Amino acid sequence: MKFLVTKDLAHSTLLRYLMGSVVFVILLYLGFDILLHAYVIGSDMQSVTVTLLGDIENFVEPILIDSLLLQVHIDLFMTLFSLLILASIYIRLYSDKVMTKWVVHLLFIMGMLAPAALLLAYFVSPSFIAMWLISFILWHVLAFIVAIIILKKLLFK
């Protein structure tokens, strides 16, 4: 519990390894999440458009609303779960840095914008597909960078 008061990990190697393991699992989640979305929804503008809106010429049906809502629901839950863990460890380790609040805010904005943009692309306009792709990629890249920074501090101190 000393880490919770002093932020010193020198006296708690078990806590350091535990936090490092959780961050490593989040790294695995981020990688598999990209693969899952590339398979289910698509990874470029054309494939995402076909998945969301269908393609009349090739007889491809659009995604069902219940499937999309289930995917967005799972995305929101897992994104918040990952964001809270990464942000809390990052803030705890780097609270004295000026960029910490900017990194955490950007991480949360991109993480929450991705599922919202996917819904907007389905219900409002296909032009939100580009917003979804950009926010999805940025949130994963930024979360990956934050996780690597955390692991570097935890394991290679």
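## Charge and surface

Let's start with charge: the 9 positive and 9 negative charges of the chain have mean positions 33 Å apart. Here Lys and Arg count as positive and Asp and Glu as negative, with His and the chain ends not counted; each charge is placed at NZ of Lys, CZ of Arg, CG of Asp or CD of Glu. The chain exposes about 9500 Å², of which carbon and sulfur atoms supply 75% (accessible areas by the Shrake-Rupley method with a 1.4 Å probe; for residues, only the protein chains shown count as cover).

## The model and its confidence

This is a predicted model, in which local features need pLDDT of at least 70 and side-chain atom pairs count only at pLDDT 80 or more, while totals for chains, interfaces and linings use all residues. Residues are numbered from 1 along each chain as its sequence is written, and side-chain values use heavy atoms, leaving out hydrogens and water.

The average pLDDT of the chain (the predictor's confidence in each residue, from 0 to 100) is 89, and 92% of the residues score at least 70. Where pLDDT is low, the predicted coordinates should not be read in detail.

## Overall fold

The chain has six helices and zero strands, running α-α-α-α-α-α from the N terminus. Helices (H or I, at least four residues) and strands (E, at least two) are DSSP runs, numbered from the N terminus. The C-alpha trace spans about 65 × 25 × 20 Å along its principal axes.

Of the contacts (heavy atoms within 4.5 Å) between residues at least 6 apart in sequence, 73% join residues at least 24 apart. Buried residues make up 38% of the 157 residues; buried means under 20% relative accessible area, exposed over 50%, and partly exposed in between (1.4 Å probe, protein chains only).

## Nonpolar cores

A nonpolar core is a set of buried Ala, Val, Leu, Ile, Met, Phe, Trp, Tyr and Cys residues joined through side-chain atoms within 4.5 Å. The largest one has 25 residues, and Val-23, Leu-86, Tyr-90, Trp-139 and Ile-150 have the most contacts inside it. Helix H2 (13–40), helix H4 (65–93), helix H5 (99–123) and H6 each supply at least two residues of this core, with H6 giving the most, eight residues. Apart from this core lies another, of 14 residues, including Leu-52, Ile-63, Val-72 and Ala-114.

## Trp-139 and Leu-30

Beyond its neighbours within four places in sequence, Trp-139 contacts Leu-30, Thr-79, Ser-82, Leu-83, Leu-107, Met-110 and Gly-111. Leu-30 belongs to helix H2 and counts as buried because its relative accessibility is 2%. Not counting residues up to four places away in sequence, Leu-30 touches Trp-139, His-140, Ala-143 and Phe-144.

Now for H3, whose buried residues are Val-48, Val-50, Thr-51 and Leu-52. Their cover includes H2, H4, H5 and H6. Just after H3, Gly-54 takes a positive phi of about 80°.

In the loop between helix H3 (45–53) and H4 sits Phe-59. Although not a glycine, Phe-59 has a positive phi of about 55°. Phe-59 counts as exposed because its relative accessibility is 74%.
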